[in-house]
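Let's walk through this model together, from the surroundings of its ligands to the packing of its helices. Keep the structure open beside you as you read.

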Amino acid sequence: MQVGERQASHYLYHVWKRLAYRHKWAEVLLYIMFFSGLLIWPFVEVIWQIKSLMLAIHMLVGMSFFLIIVTAFWTAHRTLLKASKKRFLSVTGSVIEILLILCSTSGIYLFFYGNPGNEFGFFIQNVHFYSSWLLTPLVFAHALRWSVLNLTRYFKK
Ligand code: HEM
Ligand code: HEM
């Protein structure tokens, strides 16, 4: 390997390593998805203009920023699993991983096919709905110390 190539791969390695700790955008996007998703939910009463706007935001952000940023963060971040001695973070991280797969794949299915009213459609809708309800508080608990919603950390020196 030549010097230039070695420097480039060294640089990429550091960018990747730092990405493993850049949780803010992944966390923010997850909360945006959750709250925009909740407003689409039929049992929440909001005017249809807001519902259709939220559905558009939910689907567009879900298929673009969410998939790209969360996948990049997640693949870099999961390498922490190997060396970590923090049991709570390793266990919650592994559960988050399963829920992220369930929530995203069901979301992608709903994006392309929706729920046509058959049993499988309702099943996928339930997978999406319940996995998102478990995922959101779990990510908050997992990231708690550094969470974007943990307001106390902004006041510390
Ligand atoms: C790949 C990313 C995602 C895509 C493409 C996506 C797509 C969709 C679509 C199309 C719907 C409407 C379903 C329907 O009414 O038939 C929906 C509903 C919903 N989504 Fe997502 N979603 C994604 C990720 C997420 C994430 C990460 C969360 C939360 C953490 C979430 C939470 C919700 C909620 C709460 C609903 C309302 C449930 C319902 O109507 O049954 N979604 N999503
Ligand atoms: C959007 C999802 C995620 C967010 C926002 C997130 C965020 C964070 C944050 C902020 C920390 C530092 C916590 C602290 O030191 O108190 C952390 C640690 C950790 N996370 Fe995640 N995480 C996510 C998903 C995952 C996943 C999917 C895994 C595993 C597959 C995982 C595994 C770990 C491990 C093992 C640690 C501990 C690292 C150490 O020993 O210092 N996380 N995560």
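By class, 10 nonpolar, 7 polar and 5 charged residues form the shell around ligand 2. In this scheme Ala, Val, Leu, Ile, Met, Phe, Trp, Tyr, Cys and Pro are nonpolar, Asp, Glu, Lys and Arg are charged, and the others, Gly among them, are polar. Of the 22 residues around ligand 2, the nearest are Ser 84, Leu 89, Gly 93, Ala 143 and Arg 145; a residue is near a molecule if its C-beta atom, placed from the backbone, lies within 6 Å of it. H5 gives the largest share of this shell, 6 residues. At least two residues each come from H2, H3, helix H4 (80–83), H5 and H6.

A word on conventions: this is a predicted model, in which local features need pLDDT of at least 70 and side-chain atom pairs count only at pLDDT 80 or more, while totals for chains, interfaces and linings use all residues. Residues are numbered from 1 along each chain as its sequence is written, and chains are lettered from A and ligands numbered from 1 in the order in which they are written.

Now turn to ligand 1. Of the 27 residues around ligand 1, Met 33, Gly 37, Gly 62, Gly 107 and Ser 132 come nearest. Helix H2 (24–40), helix H3 (48–77), helix H5 (87–113) and helix H6 (119–143) are the elements that give two or more residues to this shell. By class, the shell around ligand 1 holds 16 nonpolar, 11 polar and no charged residues.

Stepping back, the protein chain has 7 helices and 0 strands, where helices (H or I, at least four residues) and strands (E, at least two) are DSSP runs numbered from the N terminus. Its C-alpha atoms fill a box of roughly 60 × 40 × 30 Å along the principal axes.

How far apart are the end C-alpha atoms of H5? They are 39 Å apart, which agrees with the span that its 27 residues should have at 1.5 Å a residue; the expected span is 1.5 Å times one less than the number of residues. The buried residues of H5 are Ile 96, Cys 103, Ser 104, Ser 106 and Gly 107. Here, buried means that 20 or more other C-beta atoms lie within 10 Å of the residue's own, exposed means 12 or fewer, and partly exposed is in between, with C-beta atoms placed from the backbone. H3 and H6 are among what covers the buried residues of H5. Just after H5, Gly 114 takes a positive phi of about 65°.

H6 has buried residues of its own: His 128, Ser 131, Leu 135, Val 139 and Ala 143. These pack against H2 and H5, with contact meaning C-beta atoms, placed from the backbone, within 7 Å.

The largest nonpolar core has 11 residues, among them Met 33, Phe 66, Ile 96 and Leu 135. Such a core is a set of buried Ala, Val, Leu, Ile, Met, Phe, Trp, Tyr and Cys residues joined through C-beta atoms within 7 Å. H2, H3, H5 and H6 are the elements that give it two or more residues. Leaving out residues up to four places away in sequence, Phe 66 touches Leu 29, Met 33 and Val 61.

Finally, confidence: the protein chain averages a pLDDT of 93, and 98% of the residues score at least 70. pLDDT is the predictor's confidence in each residue, from 0 to 100. Among the elements, helix H7 (residues 152–155) has the lowest mean pLDDT (80) and H5 the highest (98).

Note on methods
Two residues are in contact if their C-beta atoms, placed from the backbone, lie within 7 Å.
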